[in-house]
Amino acid sequence: MQCAKTDYKKTFRNLNAESSVETARVLNNTRNGLLVIGRLRTDRERDAVCSLIDKLKWPVFADILSGLSMGKQNNYIIPHYDRLLKFEFFNIPAKPDVVLHIGGAPVSKRLMRLIEESSPEHYLS
């Protein structure tokens, strides 16, 4: 049995001047974004991500390894998102056109399935 491969239209790995401008354009023009936060190693990283959350005002799925899902309080962080993704009524409005992924790989298989099924126009990592 062969697994289906997901191809995303655009992914920026290393930001340079040109890709930074394109990334800013994508982020500024996003109607339905989702911020996915994987493992963050330091408080400095967590503080920087919290500032970004406040600027973007997008819903946030923060992995348990991020240190954000339990400790830092923020109105955009959706607690226990993995449990919510079990329900179809939650998945329908949650389909993003842009996913910004910061940090390590998320643990949630449901989240990865949501991203694959929604086929976001941009997956920025």
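Predicted model: local features only at pLDDT ≥ 70, side-chain atom pairs only at ≥ 80, totals over all residues.

Trainee: Understood. How many salt bridges does the count come to?

Mentor: The count comes to four salt bridges. One of them joins the side chains of arginine 31 and aspartate 97, at 3.8 Å from N to O. This pair links distant parts of the chain, 66 residues apart. Arginine 31 is in the loop between helix H1 (17-28) and E1, while aspartate 97 is in the loop between helix H4 (88-91) and strand E3 (98-102).

Trainee: Is arginine 31 buried or exposed?

Mentor: Arginine 31 is exposed, because its relative accessible area of 75% is over the 50% cut-off. Aspartate 97 counts as buried, because its relative accessibility of 17% is under 20%.

Trainee: And which residue does arginine 46 meet in a salt bridge?

Mentor: The partner of arginine 46 is aspartate 43, with 3.2 Å from N to O. The two are three residues apart in helix H2 (residues 43-56), so about one helical turn separates them. Here arginine 46 is buried, with a relative accessible area of 13%, whereas aspartate 43 counts as exposed at 52%.

Trainee: What about aspartate 82, where is it and what does its side chain meet?

Mentor: Its side chain meets that of arginine 110 in a salt bridge of 2.7 Å, N to O. Aspartate 82 lies in helix H3 (residues 81-84) and arginine 110 in helix H5 (residues 109-118), so the pair links distant parts of the chain, 28 residues apart. Aspartate 82 is partly exposed at 27%, and arginine 110 is partly exposed at 26%.

Trainee: Changing topic: where does glycine 33 lie?

Mentor: Glycine 33 is part of strand E1 (residues 33-37). With a relative accessibility of 6%, glycine 33 counts as buried.

Trainee: Which residues is it in contact with, leaving aside neighbours within four places in sequence?

Mentor: For glycine 33 these are Trp58, Pro59, Pro96, Asp97 and Val98. Asp97 is also the salt-bridge partner of arginine 31. As for proline 59, its C-alpha is 7.3 Å from that of glycine 33, although 26 residues separate them in sequence.

Trainee: Last topic. What volume does the largest pocket have?

Mentor: The largest pocket has a volume of about 220 Å³. Twelve residues line this pocket, and the closest to its centre are Ala62, Ile64, Ser69, His80 and Tyr81.

Trainee: How does the lining divide by class?

Mentor: The lining of the largest pocket has seven nonpolar, three polar and two charged residues.

Methods. Residues numbered from 1 in each chain as written. Heavy atoms only, no water. Helix = DSSP H or I, 4+ residues; strand = E, 2+ residues; numbered from the N terminus. Buried < 20%, exposed > 50% of the residue type's maximum accessible area, 1.4 Å probe, protein only. Contact = heavy atoms within 4.5 Å. 1 Å grid on protein atoms, 1.4 Å probe; cavity = no way out; pocket = protein on both sides within 12 Å on 5 of 7 lines; lining within 4 Å. Points joined across faces, edges and corners; volume = space filled by probe spheres on them. Nonpolar A, V, L, I, M, F, W, Y, C, P; charged D, E, K, R; others polar.
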